[in-house]
Amino acid sequence: MPTTAIEIYTQIVSTLSPNERLRLATLILNDLVQQNESVINQSDTWTQQDQLDVTTFSLQYAATLFPDSEEM
C-alpha cells in the first residue's frame, strides 16, 4: 500500500484518465478549502499569467478535439 504522495501518484493517480485526475484534484482542493481556509497559502493563488496559460492550453486542446474540418 503506497504511503507517500509520490508513491500514490506513481502507482495510482498516473494510471487514471485525465478526466478522473481532474475530478480527483477537484475533490482534494474542495476538501482542503472546507477543512481550513488557513491552509491556503495566498502566494499559491493564480496570477493573471497562470490564467492566461491555462486558457491557452484549454483552447489548444479544444482545437484538437474539434478540428477546422468539422462543423460546430
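Here is a short walk through the structure above, from its overall build to its surface and its largest pocket.

Keep in mind as you look that this is a predicted model. Start with the overall build: the chain has three helices and zero strands. If you trace the elements from the N terminus, the order reads α-α-α.

Of the 72 residues in the chain, 3% are buried. The chain has an accessible surface of about 6700 Å², and carbon and sulfur atoms account for 59% of that surface.

Is Leu32 buried or exposed, or something in between? Its relative accessibility is 33%, so Leu32 counts as partly exposed; the partly exposed range runs between under 20% for buried and over 50% for exposed.

Finally, let us visit the largest pocket. Rolling a probe the size of a water molecule over the atoms shows where empty space is left. The largest pocket has a volume of about 190 Å³. Helix H2 (18–35) and helix H3 (48–65) are the elements that each give two or more residues to its lining. To see the lining for yourself, pick out Pro18, Asn19, Arg21, Leu22, Val54, Phe57, Ser58 and Tyr61. What kinds of residues make up this lining? Five are nonpolar, two are polar and one is charged.

Methods:
Residues are numbered from 1 along each chain as its sequence is written. This is a predicted model: local features need pLDDT of at least 70, side-chain atom pairs count only at pLDDT 80 or more; totals for chains, interfaces and linings use all residues. Side-chain values use heavy atoms; hydrogens and water are left out. On a 1 Å grid over the protein atoms alone, a cavity is a set of points where a 1.4 Å probe fits but cannot get out, and a pocket is an open set with protein on both sides within 12 Å along at least five of seven lines; lining residues have an atom within 4 Å of a point. Grid points are joined across faces, edges and corners, and a volume is the space filled by probe spheres set on the points. Helices (H or I, at least four residues) and strands (E, at least two) are DSSP runs, numbered from the N terminus. Ala, Val, Leu, Ile, Met, Phe, Trp, Tyr, Cys and Pro count as nonpolar, Asp, Glu, Lys and Arg as charged, and the others, Gly among them, as polar. Buried means under 20% relative accessible area, exposed over 50%, partly exposed in between (1.4 Å probe, protein chains only). Accessible areas come from the Shrake-Rupley method with a 1.4 Å probe; for residues, only the protein chains shown count as cover.
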